[in-house]
Amino acid sequence: SIPVLRAVEDLSIAVNSIIKGARVLSRYLGYQSAVRSNHSHSQEAAVVIGVGNVLEKNVRKPSKILKSSEEKRFFQIGSTVNCVDKGKFRQNIQNIIWEENHPTFDERPRSNQFNNQEYVFLAFLTKIPFWNDIRVALSDVARELGVKTIFTGPTKYDIKTQVEQAEELINRKVSGIIFCPIDNSAMVAPINKAISSDIPTLIAISDAPQSKRYAFIGENQYNQGLIYGEQITKAIGRKGKILVLGLPPYQCMMDRIAGLKDYLKSHANIDIIGIENAESDPDKATEITLRTIKTNPDLRGIVCIEASAAEGAVRAVEQAGKEGKIKIIGSDMDEALLNLIETGKVFSSVAQKTYLCAYYGVKFLFDMTNHNARFLEDGKSTLWRSIPEITYLGPIVITKEKVGLFKNRFDSKRDFLNQNR
């Protein structure tokens with residue numbers, strides 16, 4: 001029957017893509033294989049990075065991996081970085097993937113065939129260091145594919161401006177948009193409008209599953225919350241009071257908090273005495289933390305579930321004379337935070353793989369634009385090989401022992417970052 005034939009075709013495509021991904025990986029490891037096939041590089045990259053993380057011994061098994069409703073509709077890439085130079089591994093893999101699809105690495109199109117295509121990453125709070133990896137990734141993938149990439153968005157938590165910017169991008173008919181919504185519900189209409197306008201569309205970092213978005217790439221935020229719980233328990237033990245510093249109750253923050261609470265409920269007797277909005281402002285984080293220490297002198301830990309809070313928390317702990325007595329868990333990997341980890345002022349950070357989020361996000365959009373990926377009316381792919389509906393990249397735990405792997409990753413990009421602030 002036709003359904004059976006389609007199922008067989010999809011299975012054949014899946015197997016062939018896995019074989020090709022394995023062949024790409026084998027070339028990286030110095031082996032040879034004679035297997036040949038033709039598929040878009042998005043899927044091969046997913047296979048390669050997935051297998052590569054296993055080879056790097058990065059597999060972690062938190063107490064809860066996925067909610068049951070998600071188990072059959074996601075593709076997870078990677079897990080926690082332990083001791084491998086991720087940037088070097090990624091670049092080698094990228095080079096080999098390209099060579100598999102093109103005559104030689106040096107013949108990559110840069111200014112001709114696709115230079116009229118423009119892919120946009122629409123973010124918010126665009127001046128904070130959190131976005132540096134994404135801006136570098138957009139520059140790298142633009143050079144590799146020969147397309148234009150733009151990073152834009154409001155400089156503040158301005159939902160109205162982000163919606164207006166989305167409308168402007170749709171009216172311009174850009175080639176593709178990666179949305180990172182401030183407010184998931186407020187961005188549903190622009191996302192749906194982009195799709196109805198035949199603009200390839202992805203969601204990154206903070207999902208909007210109630211929209212008609214084609215796909216999501218980023219983290220399982222609930223799982224990230226589990227890892228915050230794991231790290232604070234390692235830092236202070238199984239008892240004590242902690243403060244949580246985050247952002248307004250957006251869905252990704254709520255999911256992280258849910259994971260944190262579930263981990264502590266199952267593994268420790270740690271009390272969360274407050275969940276505060278630090279507004280991505282270190283000064284605000286300092287103010288909140290000092291006030292909390294004053295009313296709770298036995299505070300043992302602070303979990304910062306957004307990128308900017310740890311710096312302010314450290315200042316507060318120092319001003320209160322509590323160095324070493326209050327342990328701090330941070331988020332992500334901006335340079336100020338990495339310095340605090342290196343000096344022991346922050347115990348660890350739970351970071352997102354934001355570089356891969358933008359790098360493969362653009363490649364997915366590029367495949368949708370140029371490799372004839374087809375979608376049903378509900379936004380779901382009709383071909384297994386096009387792009388996965390959900391791509392979880394897996395968080396990185398950065399400790400003092402591993403911080404050197406991340407500190408110098410922007411050394412060759414200083415001028416670019418300074419010119420594009």
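Guide: Helices (H or I, at least four residues) and strands (E, at least two) are DSSP runs, numbered from the N terminus. This is a predicted model, in which local features need pLDDT of at least 70, side-chain atom pairs count only at pLDDT 80 or more, and totals for chains, interfaces and linings use all residues. Residues are numbered from 1 along each chain as its sequence is written, and side-chain values use heavy atoms, without hydrogens and water.

Visitor: Which residue with positive phi follows H10?

Guide: Helix H10 spans residues 309-319. After H10 comes a residue with phi near 65 degrees, Gly 321.

Visitor: How are H5 and H6 arranged relative to each other?

Guide: The axes (lines fitted to C-alpha atoms over the stretch in contact) of H5 (residues 159-172) and H6 (residues 188-196) come within 10 Å and cross at roughly 5 degrees. Angles under 35 degrees count as roughly parallel. H5 and H6 are therefore roughly parallel to each other.

Visitor: Which residues of H6 make the contact with H5?

Guide: Contact means heavy atoms within 4.5 Å. H5 contributes Val 163, Ala 166, Glu 167, Ile 170 and Asn 171, while H6 contributes Pro 190, Lys 193 and Ala 194.

Visitor: What percentage of the residues of the protein chain count as buried?

Guide: The secondary structure of the protein chain comes to 14 helices and 13 strands. Of its 421 residues, the buried share is 56%.

Note on methods:
Buried < 20%, exposed > 50% of the residue type's maximum accessible area, 1.4 Å probe, protein only. Axes fitted to C-alpha atoms, helices over the stretch in contact; angles between N-to-C directions. Parallel < 35°, antiparallel > 145°, perpendicular 65-115°, else oblique.
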